[in-house]
Amino acid sequence: MSEPAKKKQLRTIDAPFVALGPTGVAVRDRLKHLTPQDEKVLRLVGEHLGHLASLDLSARCRDGNDHSTETWASRKRDLTSASSSRWAGSITKATHDQWALSRRSQLAHIQNLEAGTRTLTHRLSLPLGEKGTKKAAGGYRSKNEWFQKTRRLTILEHRLDTARAEREAGVVHVVRGGRRLLNTRHNLAAAQLTETEWRRRWEAERWFLAADGESGKRYGNETIRVTPEGEVSLKLPAPLAELANAKHGRYVLTSRIAFAHRVAEWADRIESNRAVAYRIQYDAERGRWYLTTSWQRPVVRTIPLETAQAKGMVGVDTNADRFAAYQLDISGNPVGDPRRFHYDLSGSADHRDAQIRHAITQVLHWAKSCGVDAIAIEDLDFTAEKTREKHGRRKRFRQLISGIPTGRLKARLVSMAAEAGLSIVAVDPAYTSQWGGQHWQKPLATPRRKMTRHDAAGIAIGRRALGHPIRRRAAPPHDDQSDRRGHRTVQAGPGARRRKETRPPATERAHDARARTGIQQGTRQTSASKTVRDARSAGTWVQDPLLLTD
């Protein structure tokens, strides 16, 4: 007699948690009606400080891992003589942030190379044609493919050794102005740019016009100052002090700024002299100047998970082209019909960002109309799922995963939900689509309601956030039990009140989402009634029926 098949081991499901709110705020508005003299001053200041920022970044990269407070102080003293102490502080801080970001990106690149080499080494060690499993890929299909992958492995190992050596030596590769724009210089025809247009963009991206906020100083910033009336002025560097049109070497712009968002919060900060940072940018493509203000918020303690679950939940499944959302009541029952919010992630980065923001806005407005206090979403991270070596020739699948905006979505959704007064509950994404489609897709499908696997996944996500199991009912008892196979549900716990009230007849199937108005007459009704009476008399029936609504 053959040994029984081993039961599939499922990975541990992490508990849901309420995501932290945003820790910073940024608002941007356009600087309109600038005079030619204003633009000239801004260009000269941006070019001068941008040159100093490039020199400082170069010096920081040369220091590598030997950086210390003494070297930082020496760099700041050199910058102060060519600008001012506050400009020097802003430049050195931006340099440190950029260098640290490069180090984090370098580490992520090393980890990606390590994952690729592990996968290739494993697959090359298997016989040709060996089938893989869900946890590990199998062998390659032909000798030619096996040979090509050995060459690929050699290339990745060389890249990995180089990256590790650079990290140990403290070497990073940074491009002020952006590597993508730098590479565009070699493909001007494809980018539909002339050399003059590209040069104008390149120089504008390398300018530096940013000042950190200072708590206790007038209006929260001494370098770039914005008054409550919208007057914008900046402290000129020492070599450009002769261009000042106000006292103490300051230049006042003729333009007046009027932020369209968070005006009350911004005004409250500057009137109480709390730190506010500013950055002036030039859009060379449109020929426009912009001013961005930003400030930090104290970390606000999130509401308890029980409070977020008090009024039900909206479960949202994230896909490459849409959000699939479903409303659930406090008991985990789906309410109404599924909702889908589409977006298009093709085109430029600005277009993709606008599409995401528009779709999130629709989700938030609908959630507010449902009366819930929280939105449940999967805690997705596809960093290790996009590798070429893991999915091989499944190029379309890799593109599908890469198309899901996980990082941008998290940041946007958390910040926008906080402004709307909603909380975000993050749940473990394991098996949500699989179990949702298995237990909810078919039962909720009707001639007028088209259910997809993604809609069912939204229900699974919401039920997991509410603390309910995804499946709709417990396993029926075996045939040798006294009550045979009857209605079972795990909707109510042992301590729930009103658990033993009147139930629908046993002929009501638990998986039927439509409410039934009558009971079939005849033998089945008599048998069901007898089963119910026996269960009541024995005192063993302790579960509520599953309430479903169309």
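A salt bridge here is a side-chain nitrogen of Lys or Arg within 4 Å of a carboxyl oxygen of Asp or Glu. Keep that cut-off in mind. And remember that this is a predicted model.

Start with Arg274. Arg274 pairs with Asp268, and their closest N and O atoms are 2.5 Å apart. That is within 4 Å, so the pair counts as a salt bridge. Arg274 is partly exposed, at 33% relative accessible area. Asp268 is partly exposed too, at 44%. Now a network.

How many salt bridges does the structure hold? The count is 18. I will take two more of them.

Glu195 bridges to Arg185, with the closest N and O atoms 3.3 Å apart. Glu195 sits in helix H7, and Arg185 sits in the loop between helix H5 (179-184) and H6, so this pair ties together parts ten residues apart in sequence.

Next, Glu285 and Arg201. Their closest N and O atoms are 3.8 Å apart, and they form a salt bridge. What does this pair tie together? Glu285 is in the loop between strand S7 (277-283) and strand S8 (288-296), while Arg201 is in helix H7, so the bridge links parts that are 84 residues apart in sequence. Glu285 is exposed, at 59% relative accessible area. Arg201 is partly exposed, at 24%.

On to the surface patches.

Which residues gather in a patch of positive charge? They are Arg28, Arg30, Lys32, Arg286 and Arg288. Take Lys32 as one of them. Lys32 lies in the loop between strand S2 (24-31) and helix H1 (36-63). Its relative accessible area is 44%, so Lys32 is partly exposed.

There is a nonpolar patch as well. Leu128, Trp146 and Phe147 make up that patch on the surface. Together they have about 290 Å² of accessible area. Leu128 comes from the loop between helix H3 (85-125) and helix H4 (143-169). Leu128 is partly exposed, with 42% relative accessible area.

Now the backbone. Most residues other than glycine have a negative phi. Two residues here are worth a look on that point.

His33 has a phi near 60°, a positive value, and His33 is not a glycine. Where is His33? His33 is in the loop between S2 and H1. Buried or exposed? At 73% relative accessibility, His33 is exposed.

Gln192 also has a positive phi, about 55°, without being a glycine. Gln192 sits in the loop between helix H6 (188-191) and helix H7 (195-206). Gln192 is exposed, at 71% relative accessibility.

Last, a residue on the inside of the accessibility scale. Thr95 is in helix H3. Thr95 has 3% relative accessibility, and under 20% means buried, so Thr95 counts as buried. What does Thr95 touch, leaving aside its neighbours within four places in sequence? Thr95 is in contact with Ala53, Asp56, Leu57, Arg60 and Arg75.

To recap. The predicted model holds 18 salt bridges. One patch of positive charge includes Lys32, and one nonpolar patch includes Leu128. His33 has a positive phi, and so does Gln192. Thr95 is buried.

Definitions and conventions
Residues are numbered from 1 along each chain as its sequence is written. This is a predicted model: local features need pLDDT of at least 70, side-chain atom pairs count only at pLDDT 80 or more; totals for chains, interfaces and linings use all residues. Side-chain values use heavy atoms; hydrogens and water are left out. Patches are made of residues with over 30% relative accessible area and no salt bridge: like charges are joined within 9 Å, nonpolar side chains (Val, Leu, Ile, Met, Phe, Trp, Tyr) within 5 Å. Accessible areas come from the Shrake-Rupley method with a 1.4 Å probe; for residues, only the protein chains shown count as cover. Lys and Arg count as positive and Asp and Glu as negative; His and the chain ends are not counted. The place of a charge is taken as NZ of Lys, CZ of Arg, CG of Asp or CD of Glu. Helices (H or I, at least four residues) and strands (E, at least two) are DSSP runs, numbered from the N terminus. Buried means under 20% relative accessible area, exposed over 50%, partly exposed in between (1.4 Å probe, protein chains only). Contact means heavy atoms within 4.5 Å.
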